[in-house]
Amino acid sequence: MESNRRDFIKQAAITSAGVGLMTSLPSSVRASGPAPSDKINVALVGCRNMGFGDLSQSLGYSEVSCVALCDVDETVLNEKAGLIQSKYNQHPKLYRDFRKMLEQKDIDAVFIGTPDHWHCLIMVACLEAGKDVYVEKPMGNSIEECNIMTRAAKKHKQVVQVGQQQRSGFIFKKAMELIKNGNIGNLRKINIWANFEYGVGSMIIPDSPVPTGVDYEMWLGPAPQRAFNKNRFHGSWRHFWDYGGGLASDWGVHLVDMGLWARDITTAPDRILTYAANTFREKRARETFDTMTICYPKKDFVINYDLTAGLQRGPWDMTYGIAFVGDHATIVTDRSKLTVFPETDSKTKKFKAEEYKFTEGKDSHNEHVRNFLDCIKSRKTPVCPPEIGRAAALHVHMANIAGRVNEPVLIWDDVINQFTNSPAANQLIIPEYRKPWTLPKY
Ligand SMILES: NC(=O)c1ccc[n+]([C@@H]2O[C@H](COP(=O)([O-])OP(=O)(O)OC[C@H]3O[C@@H](n4cnc5c(N)ncnc54)[C@H](O)[C@@H]3O)[C@@H](O)[C@H]2O)c1
């Protein structure tokens, strides 16, 4: 592993601690701002939407500098570089190839905001170059990529935060506290739903020439060669298996993750039951499912995930949400509110739990990025490490696989990394990379 600038700075700070008073003073009393060891130089690969959001959160902190931006679309790259310059007066170096970017020695950490099919290759390359990584969710676009990323992170010992920012959300932390303190009694069921209009995809349009300034070969990367179509490109790639997993994984990793967190589950499911179909009648540009009901039986409770793309309303009049069902109360929550609905004791007519309602709390996205920055400095494990990203991603990828091979029940053996009841499903564990790209070996 290449030695990392941060390690060097940390080492320098440690070795000089006994000889210079400056190193022991808090940064607030230093004459010239924070010590070099407090500075974090970040880069971003995949700049258009969420990646830029991640980067922007980090640039709200004075110790962070953006030293590099990388995107395969020149228009996006130049626009975002202009924003960084006008808003933060920073001048990152610009790249179209992340491999070239990783030769830049002063980068401490990389945000990865590309479509899902690129996460594995780019994250592993960053780790091998000694960089810390914030990788957007879902961690990988296949079971095997998630396995590889988890093993690579373990081997290289860099700090890795997966972008499941609900782990840093006040509302969900409160829900976990109530559940784990026994406030809702015995947890029996977690009902999750996501109904979003965008999930049905865009109107069908013909293929077209590659837009000027786009390196389409590099956008496709390990995915199969295809003619350019705007529907498979920026934003709407998420409806096609080559690059994403549709609404099931887009929102599923965030929401199913909360079900796993309630019982601190960090492993793959051992069985899942899936109904997956397309019941939205209009033909749209989409391969992923618009209607799914997924059941994850756990040891002594069950997680249900229900999605209907094309709708905007759902249970409890919420577009998406989670109901944690306990013997004494049900907690209903989304990212901005939490309500506890207590059960009534039929004899005493009293509530079995306290009524609660929360709507306050800090922005979870900002908190999640802040946690990453803190861990870069402390070298502690962030709140959403690869094991948690893998567990959430495997839960949703397996449901998509079940739908694709029309196998309502799938049984998984995590030791042999195989489904034990479906040879067809086993064909979808490892993605086939287009040459010259190959799956990293870990
Ligand atoms: N955490 C969240 O709440 C959240 C929300 C939205 C999206 N996401 C995730 O963020 C990621 C990006 O989603 P998006 O909506 O921003 O997608 P997007 O299509 O809007 O942006 C992706 C960007 O990556 C660039 N890109 C593609 N291949 C590249 C490569 N090889 N090198 C450099 N740049 C490359 C594209 O040109 C584009 O600018 C996805 O993994 C998505 O699931 C997370």
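**Reading helix packing and a sheet in a predicted model**

User: What angle do the axes of helix 10 and helix 12 cross at, and how should I read it?

Analyst: Two packed helices are described by the angle between their axes and the distance between the axes. In this predicted model, the axes of helix 10 and helix 12 (residues 386-404) come within 9 Å and cross at roughly 110°, where axes are lines fitted to C-alpha atoms, for helices over the stretch in contact, and angles run from 0 to 180 degrees between N-to-C directions. Helix 10 and helix 12 are therefore roughly perpendicular to each other (angles under 35 degrees count as roughly parallel, over 145 as roughly antiparallel, 65 to 115 as roughly perpendicular and the rest as oblique). Helices (H or I, at least four residues) and strands (E, at least two) are DSSP runs, numbered from the N terminus.

User: Which residues of helix 10 and helix 12 make the contact?

Analyst: Contact means heavy atoms within 4.5 Å. Helix 10 contributes Gly252, Val253, Val256, Asp257 and Leu260, and helix 12 contributes Ile388, Ala391, Ala392, Ala393, His395 and Val396. By class, these are eight nonpolar, two polar and one charged residues, with Ala, Val, Leu, Ile, Met, Phe, Trp, Tyr, Cys and Pro counted as nonpolar, Asp, Glu, Lys and Arg as charged, and the others, Gly among them, as polar.

User: How do helix 2 and helix 3 cross?

Analyst: The axes of helix 2 (residues 50-59) and helix 3 (residues 74-88) come within 12 Å and cross at roughly 15°, which means that helix 2 is roughly parallel to helix 3. Phe52, Leu55, Ser56 and Leu59 of helix 2 meet Lys80, Leu83, Ile84 and Tyr88 of helix 3, and this contact has six nonpolar, one polar and one charged residues.

User: In what order do the strands of the open sheet lie?

Analyst: Strands pair if DSSP finds at least two bridges between them. Here ten strands form an open sheet of mixed pairing, in the order 14-13-12-11-7-10-9-8-15-16, and its edge strands, strand 14 (356-358) and strand 16 (418-419), each pair on one side only. Within the sheet, strand 7 (residues 187-194) pairs with strand 10 (residues 302-308) in the parallel sense over six bridges, and Ile192 has Tyr305 in strand 10 as its bridge partner. Helix 10 (residues 252-261) packs on the sheet, where it touches strand 7, strand 9 (291-297), strand 10 and strand 11 (320-326), and its direction makes about 170° with that of strand 7.

User: What do the numbering and the thresholds rest on?

Analyst: Residues are numbered from 1 along each chain as its sequence is written, and side-chain values use heavy atoms, with hydrogens and water left out. Local features need pLDDT of at least 70 and side-chain atom pairs count only at pLDDT 80 or more, while totals for chains, interfaces and linings use all residues.
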